Amino acid sequence: MKPSPQRQSTPFELQRQALVDSLRARGVTSSRVLAAMAAVPREQFVPPALVMRAYEDSALPIDNRQTISQPFTVAIMTQALELDEPSRILEIGTGSGYQAAVLAAMGHHVISIERHAALSQRARTVLAAAGYAVTCRVGDGTIGYREGGPYDGIIVTAGAPDVPELLARQLRIGGRMVIPVGSITEQALYRVVRTGEQTWKGEELGQAKFVPLIGRSGWDDSVGR
Ligand code: SAM
């Protein structure tokens, strides 16, 4: 019997594994998050001109003057949701679709809202081509999407001036939101847990630097121009 030939890893797969190893070395401990990030082809989510930089641990520019988040930030935020079972998640700020793909790769049911229609359309196409079932919607994510909730997890991937109350109310009791809150240029990352019908508990997780969350319960549109 002939041994089956070993499949060679592609250069992108090797770079992806090296990135995941570096995330583990930097303190990302969730094996489910690391496995998802070892599976999602980030090179498909970055703009074509930047594919050679897809596995740098850095945020990269995408269209509409937005960014695909740094892989370390994606890992830390996903881990902070602490959702081990397949769960209902609302993401605010689809951007490239990469964060949504990582959540979908973990088996979560993901609804993602983006205010820029062109970004949402591209993310929808890339997610479908990569095989991730994510519901992408266009609109102001600061008001959430009540029809899809209540959510086990909400992840906000743009910097907010405060925790949007409508979003906090769309968490189920026991559900968690991870959100950067602060100024337009820098924020602290918070985990907000809904502890009861009218009660929430917040915990600071570290520093963050996101593009602004623009909308009814975010910054004014003029800061995004
Ligand atoms: N999660 C994205 C990814 O994986 O590529 C990165 C998101 S980028 C850092 C932040 C995104 O939030 C931008 O695409 C921006 O247009 C979007 N955004 C800002 N305010 C928003 C709002 N009120 N509702 C929905 N999306 C918003």
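Let's start at asparagine 64, which is found in the loop between strand S1 (60-62) and S2; strands here are DSSP runs of type E with at least two residues, helices are H or I runs of at least four, and both are numbered from the N terminus. Keep in mind that this is a predicted model, where local features need pLDDT of at least 70, side-chain atom pairs count only at pLDDT 80 or more, and totals for chains, interfaces and linings use all residues. Residues are numbered from 1 along each chain as its sequence is written, and side-chain values use heavy atoms, with hydrogens and water left out.

Asparagine 64 is not a glycine, yet its phi is positive, about 55 degrees. The residue is partly exposed, with a relative accessible area of 35%. On that scale, buried means under 20% relative accessible area, exposed means over 50%, and partly exposed is in between (1.4 Å probe, protein chains only). Arginine 65 is found in the loop between S1 and S2 too, and its phi is also positive, near 55 degrees. At 58% relative accessibility, arginine 65 counts as exposed.

Alanine 59 is partly exposed at 41%.

Now for the ligand. Its shell holds 28 residues, the closest being Glu91, Ser96, Glu114, Gly141 and Ile214; a residue is near a molecule if one of its heavy atoms lies within 4 Å of it.

| Side chain | Ligand atom | Distance |
|---|---|---|
| Glutamate 91 | nitrogen | 2.9 Å |
| Serine 96 | oxygen | 2.6 Å |
| Glutamate 114 | oxygen | 2.6 Å |

Taken alone, the ligand exposes 610 Å², and the protein buries 99% of that; these areas come from the Shrake-Rupley method with a 1.4 Å probe.

Which elements each supply at least two residues of the shell? They are strand S2 (66-68), strand S3 (88-92), helix H4 (98-105) and strand S4 (109-114). S2 gives the most, with three residues. By class, the shell has ten nonpolar, 14 polar and four charged residues. For that count, Ala, Val, Leu, Ile, Met, Phe, Trp, Tyr, Cys and Pro are nonpolar, Asp, Glu, Lys and Arg are charged, and the others, Gly among them, are polar.

Helix H4 also holds glutamine 99. Is glutamine 99 buried or exposed? Glutamine 99 is buried, with a relative accessible area of 7%. Its side chain makes a polar contact of 2.9 Å with the side chain of threonine 78; within protein, one atom of such a pair must be able to donate a hydrogen and the other to accept it, and residues adjacent in sequence count only if both atoms are side-chain atoms.

Threonine 78 is one of the buried residues in H3, and others include Phe72, Val74 and Met77. Helix H3 (residues 71-80) is mostly covered, with eight of its ten residues buried. After H3 comes glutamate 82, with a positive phi near 50 degrees.

One last stop: proline 150, in the loop between strand S5 (134-138) and strand S6 (151-156). The peptide bond from glycine 149 to proline 150 is cis, with omega near 0 degrees.

Methods: Polar contact = N/O pair within 3.5 Å; in protein donor to acceptor, adjacent residues only side chain to side chain.
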